[in-house]
Amino acid sequence: MSAPLIEMRGISKSFGAVKANEAVDLSVAPGEILGLLGENGAGKTTLMNVLFGAYAPDAGEILIQGQPVRINSSADALAAGIGMVHQHFHLAPRLSVLENLLIGIPGKSGRIDRAGGLARLAEIGREHGLTLDPGLPVSALSVGEQQRLEIVKALFRGARLLILDEPTAVLAPTEVDGLFAALRSMAAQGLGIIFISHKLNEVRALTHRCVVLRHGRVAGRVDTPASTTSSEMARLMCGHEIVPPARGPSTPGAAVLTLQGVSTSHHSGMALRDVSLAVRAGEILGIAGVSGNGQRALAEVISGVLAPDTGRMTIAGKAVTRFSPREVQALGLGRIPEDRMTTGLVTNLPLADSMVLPRIGTEAFSRKGLLKPDAIRAFAEEQIKAYDIRCPGPMTRAGALSGGNLQKALLARELAFDPKVLIVSQPTRGLDIGAARFIHEKFLDMRAKGCGIIVIGEDLEELLMLCDRIAVMYEGRLAGTLDSADATVARLGLLMTGAGQAGEAA
Amino acid sequence: MVRLEARTSTPAWFNLALPLLAIGATLILCSGLIALAGAGVAEAYGVMFSASLGDSYAITETLVRATPMIFTGLAVAVAFRAKFWNIGAEGQLLAGAVASCAVGAIPMPGLLAMFLMALAGAAAGAAVALVPATLRVKFKVDDVVSSLLLNSVIFYALMALIEGPWKDSFSGYPISPPIEDSANFPVLLEGTRLHLGVVAALIAAPLIWFLIARTTLGFRIRVTGENPEAARYGGIHVERVLISTALLSGALAGLAGVGEVGGVHFQVMSDISPGYGYSGIVVAMLARLNPLGVVPAAIFLAAVMTGAEAMSRATGVPAFLSDVIQGTALLAMLVALLFTAYRLRRVGAAR
Ligand SMILES: Nc1ncnc2c1ncn2[C@@H]1O[C@H](COP(=O)(O)OP(=O)(O)OP(=O)(O)O)[C@@H](O)[C@H]1O
Ligand SMILES: [Mg+2]
């Protein structure tokens, strides 16, 4: 490989007592795609934020083409040719694609250079297959398109090194292919790329080299990811073997959740059209599908956030009438939302508050309108211990926890009440493999105890490993249901595109 | 070079240190103005202090002034906790004053009159606050704008009342008829104006603290304010919480008006509130929306107000300085609040 494009030497960064990075060395050559791996909280994002100028390192230096540089702000980073696509995008939703692209770009003699922007946008689109409609407002773009815009923005500003922090966590499998093609095309032109992901098969397919972080330090380097097994990488990340849990045979009991002919009217995503399904005690039903095909509406109806226009739903044999969160909970439904940070938790309040939020009105946590602060605290402490949630205590701000720990907290708050049915969306999105493994095990435990579980997800391999049956959603309907014994990625993929109807109603 | 860096947790002592820091910065900044007005800074602040907190009579006067601001401060603190942006405490106070004055003018036993005055004042304030809350919940109308504009509506309605039907026919002044003597709030200390409403305010603060910190309604208010989406998913009726918050907030602001009518003026006139409703915003921010902090914050502002008048008489510095101090204190506090989310970090020179 040629001389490095950028080099980080001996980077250390602490937050109070937490050593997020310690003496990390890392370099990227032109044309190289570098994978950055590590458990949740290993320090990947922190390291990249140091490179992008958001944090000043406590020690260490950054070299660009051999020259030491100081990067004190994102403006410095951009000027040095470093672009970053954060996990949460930084776009102005009401402005158009083109306007977003031109924000902060000095125009020609005080005027915005629209024509130049359009030309460059088209050029970048052609070169890497990153096409975008320049006139559309950002609010009308899908998540994948917004991400594409972030990449184009970085290229537009002349980035020679592109950092992507968990870009695939928000993408559907087909979108991932498009992203990878674009990244390979950029690397072929001599760009350096740093790619962060928890999905080891993606890392193996895409990257040329990997750096693995553990507790802020470099735990290992992988020079040939393509010929290194996922379990070897996992061992580097966690320090021990990760064995996928085995799903034993189950003997499903009676139906604990049924939907009959459920339809919803217009919805911000896709509405439901005549959906019928049943989940039995002791089984896990997967709901696969390209996101935006009604999964959100389905989750909202079952969670009691959205009342359907027509159709019936029962939980543990009882009809749901009001479709309120309190009602479905009282009937024995546990719920884990898709978006932990915005729907699940209150990031600015203590963790304990988030852990009791859905049941604050019940006898467990209040009486006659008065809170039971001791009971709330004790509950949170108990769950923190039981689920090994890493945090200083129940009064920590929830937003300070890592993704894996937040997910454990949400799981704990539902499972503590022995639900008869559990509905979860994207249960392991953004989690490292150790944390994902923990969540999977809990689901299998619940299944063994006779809980019926619905898992809505896009990761087909996860669904195949976890579920007894998998239903596929397409345009608001269930396109078919497969027994997991008969299901393959290929057959599911076919159903997901709307081709070929198979099986009976779920 | 120094720059801001996000922090993940806020040390507990910030709650106390930040307001003190803001007040300190305010006094330093305003000393420039005192010097400009040609007075000695130490002398001016000395007069301010002794006139507001220097002896027991001064202290009672300051407490009497602080009382309406404790109520409006609580009103704003409760509302802002739910992120119901009630800028209308001024109008709610006036409505409370008018309603309690109307009730107080009806002859009846004193205790009953006082009770009904409080009830009517609270109800009137709540009714006024209900308007912006309903507009927001039902039609997504911005509550800052609607609650603020409503203040003028209420103020001119009050003017119409005291220039019209309530006008004093004997003197011709635009003031309402006085309430019954028996409805005057009892004075607690002979020779001062320390009235029952002062005690009510001092009791209200811990009650509201308890409500926010220890009741399910308070929990719902906090959660709704911080993350309405998570609140809704968790089974909280966000709209209902906003309406309840507005009613509570308006009632508290209304009580501020009741105290002024029953304990200080015994009638309604156009300048019954020198902006106590707006001062409530400053008080609530200085208190960091903590109901217990509202009491010292209101006393501070009251001391500034009473002190500024004395200072003006003694040194010739215009009494408007009191308004400047209030405004500066609010700005200083807003800047200080930045440090709960960010820390300053020294970095090397840019490359
Ligand atoms: N601004 C901050 N203040 C205090 N601690 C922080 C801050 N940012 C990160 N940390 C801590 O530093 C450590 C590293 O966090 P970082 O976000 O870099 O991990 P990560 O490898 O990106 O994890 P994930 O896979 O969950 O995204 C964690 O322990 C985290 O709690
Ligand atoms: Mg990260």
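Biologist: How many nonpolar, polar and charged residues are in the lining of the second largest pocket?

Modeller: By class, this lining has 30 nonpolar, nine polar and eleven charged residues. Ala, Val, Leu, Ile, Met, Phe, Trp, Tyr, Cys and Pro count as nonpolar, Asp, Glu, Lys and Arg as charged, and the others, including Gly, as polar. This is a predicted model, where local features need pLDDT of at least 70 and side-chain atom pairs pLDDT 80 or more, while totals for chains, interfaces and linings use all residues. Residues are numbered from 1 along each chain as written, chains are lettered from A and ligands numbered from 1 in the order written, and side-chain values use heavy atoms, without hydrogens and water.

Biologist: Which residues lie nearest the centre of that pocket?

Modeller: Of the 50 lining residues, A:Asn348, A:Leu349, B:Asn15, B:Arg81 and B:Arg288 lie nearest the centre. Helix α1 (residues 14–36) of chain B supplies the largest share of the lining, six residues. The pocket holds about 2,000 Å³ of space. On a 1 Å grid over the protein atoms alone, a pocket is an open set of points with protein on both sides within 12 Å along at least five of seven lines, a cavity is a set where a 1.4 Å probe fits but cannot get out, and lining residues have an atom within 4 Å of a point. Points are joined across faces, edges and corners, and volume is the space filled by probe spheres set on them.

Biologist: How many cavities of 30 Å³ or more does the count give?

Modeller: The count gives one. The volume of the largest cavity is about 30 Å³, and among its lining residues are A:Leu5, A:Ile64 and A:Arg160. That lining divides into six nonpolar, one polar and one charged.

Biologist: Where does ligand 1 lie?

Modeller: Ligand 1 lies between chains A and B. Helices (H or I, at least four residues) and strands (E, at least two) are DSSP runs, numbered from the N terminus.

Biologist: Which side chain has an N or O atom 3.0 Å from an oxygen atom of ligand 1?

Modeller: That side chain belongs to A:His198. For A:Gly41, a backbone N or O atom lies 2.8 Å from a ligand 1 oxygen atom. The protein buries 79% of the 630 Å² that ligand 1 exposes when taken alone (accessible areas by the Shrake-Rupley method with a 1.4 Å probe).

Notes. A residue is near a molecule or strand if one of its heavy atoms lies within 4 Å of it. A polar contact is a pair of N or O atoms within 3.5 Å; within protein, one must be able to donate a hydrogen and the other to accept it, and residues adjacent in sequence count only if both atoms are side-chain atoms.
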